[in-house]
Amino acid sequence: MEAQPRVGEEQTGDSGTQRSSVDVVRARWESIIMPVYNAFSWLDQCLQGIYQQDFSGSMELSVFDDASTDDSMAVLEAWRDRLEARGVAVVVSGHKSARPMGVGHSKNQAVAQSSGEFLCFQDSDDIMLPQRVRLQFESSLLHPNSLIGSRISRLPQGSTERYTRWINSLTPDQLQTQAFTSHGPTVVMPTWFCSRKLFQKVGPFNEGGKGVPEDLLFFYQHLRQGGSLVRVNECLLVYRYHEEAATHSVTEETMWKLRLDFLQERVLSQWEHFTIWSAGKQGRKLFRSLSPSTQRKVRAFCDVDVKKIKRGFYTYEESQERPKPRVPVLDFREACGPFIICVKLDMTGGELEENLSSLHLKEGIDYYHFS
């Protein structure tokens, strides 16, 4: 693919004439990828957001209906003429099987039938703000090997406050280093934007259906292939919270296993020894979940709780190994890194952060969060 100029730059074409950045944008085709399943209650607001985009290039809305049983398609058809008059081509397909085939399948089908050079993933229950496509397109031109996200706001306001704060406050480095937490992808799926070339390199999405975190699997595969992560530091999406969201079908144990496997693959396999920060429930669960060879790398647990420290050791009673693993429990000030932190983020009133700072530790080198 021929290299394209950055937004705001000019280039000389074959005829020797110069093209402005506006011409470059108009020459690029962008597809909004939207799976739909029983989205009647939210689809009107979602399509209104697409209609109001201020992007000056060519846009396409690619929809795959995953056997909806409500009037979602009627809402979409009611919007078709307005969208096409706005310059947004509308491509729709789907199926009417007895059961939905899942979000991964729907996204793959919507991508396959689309024609854009860039892909903007949009959930049918969310609302994109007017500048979303434009700003993420510009960012994608600057970062072609990156999965592009953005900040979000939540609807209803105040729902999932800790999660929202985490999404919006991660530093550029933490987009990589905090990929192992229970929150999932640091660049959240409803805000994803990338080139088709990147998607074809990493994808497709897993089509295991309900209960499979297809976004996390894609996210980890992107990182395995050396992909980068970028967040546009503006709120570009209203991310709706409701009990019918597909994310609720993914169990905590499924997420735990995927996170653990990725942690062992990417971090723990590179360390000779490490300490688990927290001798509490989560720290002990992490130790028990590790492979036997990785368990032997654990130097100690460390904690701030005097009672836990006074016990002196944690013995893994359920272990089949003999002798049973017996791991020291130390005051965090006496422990040696590197560390895997099993304390929930943003839940200690700043005490955890102060303790880490007091040891002059650097995230991504001296410790990673697994909480």
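**Note on side-chain contacts**

1. Arg-80 and Glu-77 both lie in helix H3 (residues 72-85), three residues apart, which places about one helical turn between them. They form a salt bridge, with the closest N and O atoms 3.0 Å apart. Glu-77 is partly exposed, at 41% relative accessibility. The contact belongs to a network of salt bridges that links Glu-77, Arg-80 and Glu-84. Keep in mind that this is a predicted model.

2. How many salt bridges does the count come to? It comes to 13. Two further examples follow.

3. Asp-346 forms a salt bridge with Arg-165, and here the closest N and O atoms are 2.5 Å apart. This pair links distant parts of the chain, 181 residues apart. Asp-346 sits in the loop between strand E15 (339-341) and helix H14 (351-358), while Arg-165 sits in helix H6 (residues 161-169). Asp-346 is partly exposed, with a relative accessible area of 41%. Arg-165 counts as partly exposed too, at 41%.

4. Glu-321 and Arg-296 meet in a salt bridge of 3.0 Å, N to O. Both residues are in loops, 25 residues apart. Glu-321 lies between strand E13 (313-315) and strand E14 (326-331). Arg-296 lies between helix H12 (292-295) and strand E12 (298-303). Arg-296 is exposed, because its relative accessibility is 55% and the cut-off is over 50%.

5. Now the rings. The structure holds 25 aromatic pairs. In one of them, Phe-180 and Phe-262 have ring centres 5.6 Å apart and planes at 35°, so the pair is tilted. Phe-180 is in the loop between helix H7 (174-177) and strand E9 (193-195). Phe-262 is in helix H10 (residues 252-266), and 82 residues separate the two. Phe-180 is buried at 4% relative accessible area. Phe-262 is buried at 2%.

6. Phe-199 and Phe-205 form another tilted pair, 5.5 Å centre to centre with 55° between the planes. Phe-199 is buried, with a relative accessible area of 6%. Phe-205 is buried as well, at 3%.

7. Which residues do ring pairs link into a cluster? They are Phe-180, Phe-219, Tyr-220, Phe-262, Trp-271, Phe-274 and Tyr-368.

8. Charges also meet rings. The charged end of Arg-82 sits over the ring of Trp-79, 4.0 Å from its centre. Arg-259 has its charged end over the ring of Phe-370, 4.3 Å from the centre.

Key
Residues numbered from 1 in each chain as written. Predicted model: local features only at pLDDT ≥ 70, side-chain atom pairs only at ≥ 80, totals over all residues. Heavy atoms only, no water. Salt bridge = Lys/Arg side-chain N within 4 Å of Asp/Glu carboxyl O. Helix = DSSP H or I, 4+ residues; strand = E, 2+ residues; numbered from the N terminus. Buried < 20%, exposed > 50% of the residue type's maximum accessible area, 1.4 Å probe, protein only. Phe/Tyr/Trp six-rings, centres within 6.5 Å; stacked < 30°, edge-to-face > 60°. Lys NZ or Arg CZ within 6 Å of the ring centre and 35° of its normal.
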